[in-house]
Amino acid sequence: MYEIWLALNILWEMALTVWPLILGAIVLWLVLMVMAWRSPGSRWRAGLPVALLAALIVGVAAFVALPGQSRSSFADMGYWVDWLNLLAMAAGFGGIAAAFVWPLAAMARKTGLRREAA
């Protein structure tokens, strides 16, 4: 349990160093959500598969890339907490990707934006 608490404290301290970026990302996401919500014809359900696909791609890429970002490797991860942290970080990146792609995909999938067959 101590390792999990330590990881959460480290995450909090890291977030404090980049809080303006985090705040900017939250504001941007809220703007996207309001735009999609107010946009007539937004198809949220049709945009969800696109967002989930983006989450999967970004999550897998993050899972593979994150150990190298800390000058580590999969061979260095010998403890279950290391793997849990890596999975959580990759899932977090995937979730953020889905959160940003979903409103964009919902707006792009409007019924009026489909191309008519010529």
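Helices α1 (2–17), α2 (19–38), α3 and α4 each put at least two residues into the lining of the largest pocket; helices here are DSSP runs of H or I with at least four residues, numbered from the N terminus. This is a predicted model, so to speak: local features need pLDDT of at least 70, side-chain atom pairs count only at pLDDT 80 or more, and totals for chains, interfaces and linings use all residues. Residues are numbered from 1 along each chain as its sequence is written, and side-chain values use heavy atoms, with hydrogens and water left out.

The largest pocket holds about 1200 Å³ of space, a volume being the space filled by probe spheres set on the grid points. A pocket here is an open set of points on a 1 Å grid where a 1.4 Å probe fits, with protein on both sides within 12 Å along at least five of seven lines, and lining residues have an atom within 4 Å of a point. There are 34 lining residues, and L11, M14, N85, M89 and F93 sit nearest the centre. Sorted by class, the lining comes out as 26 nonpolar, 5 polar and 3 charged (Ala, Val, Leu, Ile, Met, Phe, Trp, Tyr, Cys and Pro are nonpolar, Asp, Glu, Lys and Arg charged, the others, Gly among them, polar).

Now for the helix packing. Helix α3 (residues 44–69) packs on helix α4 (residues 80–108) at about 150 degrees, with the axes 6 Å apart. That makes the two roughly antiparallel (over 145 degrees; under 35 is roughly parallel). Their contact has 24 nonpolar and 3 polar residues, but no charged ones. Helices α2 and α4 pack at about 25 degrees, axes 9 Å apart, and are therefore roughly parallel.

Aromatic pairs, with ring centres within 6.5 Å, number 5.

How values were computed: Axes fitted to C-alpha atoms, helices over the stretch in contact; angles between N-to-C directions. Parallel < 35°, antiparallel > 145°, perpendicular 65-115°, else oblique. Phe/Tyr/Trp six-rings, centres within 6.5 Å; stacked < 30°, edge-to-face > 60°.
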